[in-house]
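I record what I looked up, one topic at a time.

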Amino acid sequence: MDKQFEIWMEEGLEGEISLSERQLNQFYLYYELLIKWNEVMNLTAITEMNQVVTKHFIDSLSLIKIVDNLASTGFSIIDIGTGAGFPGIPLKIAFPNIKITLLDSLNKRVRFLDEVIGKLNLEDIETVHGRAEDLGRDKKYRESFDLCVSRAVANLSTLIEYCLPFVKKDGLFISYKSGKIEEELSQAKTALKILGGEIMNTITFQLPRADGERCLIKIKKMRNTSNKYPRKSGLPGKEPLR
C-alpha cells in the first residue's frame, strides 16, 4: 500500500473513524480497481489518488457525522444510485457489521461492484441491477431498510420519492449534497408531506483539501409511504412532487 495514501486517509478521517491495516488495504485495493476499470468504462472523473481519497472515500464516510452509532448497530442499508459504489462500499469497509444493498440502473457498473466485493472479500453486501422506481414497489425491498443513503445527483424532491419507499417506518434517509441547499429544502416540503418524511437535521462541513461545502440531510420516515409511490419510471425526475 502507498504510504501517502494511508496518510491522506488518516488525515481525512480526523480521528472520527479508526481503520485497521486490513481496512486500509481494502480501501487501497478499491482505489486500484476503480482506476483500472475506469480506463475502459466511465466510473468517475476523479482519478488522482488524493482526490479519490477525499472526494469519494472520506466524503462517503462523512455519514458518521450525522449517524453516530454506525459502528455499534447492524443497520440494513440501501445505497440508491450507487454508481462506482459510493457511499455504500466505503461504509461497508469501515463498518463491517452493517448489511449493505447497492442499487444501480447500469449493469456494467454492477459488474464492477461485484468484482470489488469479491476482491475485497466483503460479506453481507449485495448488488441489485434496476431502477429505484421499480425496486421501490418490490415487496422484497419496499420499506425493508433501516437506512437509505444516496450521493446521486438529483433534486432533493426527486431523491425523496426514490428513497423513502425503501425505508422502514422510523428509519432514516440521508442525502449527500453540495453547495447551497436552502431552495431544495424549501421545494422538498410537499414530497416530504406526501411520502411520510420529516427533516430531523442538516449539517454542513468542509472536506479536507477540497473547495466548497458538503451537506448531509437527515430525514426520518414518520409513517408508511402510500402505495401510489414511487410513480412509474422517469416521472420522479421529470415531474418532482412540488
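**Entry 1: the contact of two helices.** I looked up which residues bring H2 and H3 together in this predicted model. From H2, I noted Phe27, Tyr28, Tyr30, Tyr31 and Leu34. They meet Met49, Val52, His56, Phe57 and Leu61 of H3. Sorting the residues of this contact, I found 9 nonpolar, 1 polar and no charged.

**Entry 2: the geometry of that pair.** I then looked up how H2, residues 21-38, is placed against H3, residues 49-61. The angle between them is about 120°, and their axes lie 11 Å apart. The crossing of H2 and H3 is right-handed.

**Entry 3: the sheet.** In what order do the 7 strands of the open sheet lie? I read the order as S3-S2-S1-S4-S5-S7-S6, with mixed pairing. S3 (125-129) and S6 (197-206) are the edge strands, each pairing on one side only. From one strand to the next, the twist averages 20°.

Entry 4: I followed S6 to S7 (residues 213-221) and counted 9 bridges in the antiparallel sense. As one example, Thr202 has Ile217 in S7 as its bridge partner.

**Entry 5: helices on the sheet.** I noted that H5 (residues 107-119) lies across S2 (99-104) and S3, and that H5 runs at about 170° to S3. H7 (residues 156-163) also packs on the sheet, where H7 touches S1, S4, S5 and S7. The direction of H7 makes about 145° with that of S5.

Methods:
Residues are numbered from 1 along each chain as its sequence is written. This is a predicted model: local features need pLDDT of at least 70, side-chain atom pairs count only at pLDDT 80 or more; totals for chains, interfaces and linings use all residues. Side-chain values use heavy atoms; hydrogens and water are left out. Axes are lines fitted to C-alpha atoms, for helices over the stretch in contact, and angles run from 0 to 180 degrees between N-to-C directions. Helices (H or I, at least four residues) and strands (E, at least two) are DSSP runs, numbered from the N terminus. A crossing is left-handed if the near helix is turned anticlockwise from the far one by less than a right angle, and right-handed if clockwise. Contact means heavy atoms within 4.5 Å. Ala, Val, Leu, Ile, Met, Phe, Trp, Tyr, Cys and Pro count as nonpolar, Asp, Glu, Lys and Arg as charged, and the others, Gly among them, as polar. Two strands pair if DSSP finds at least two bridges between them.
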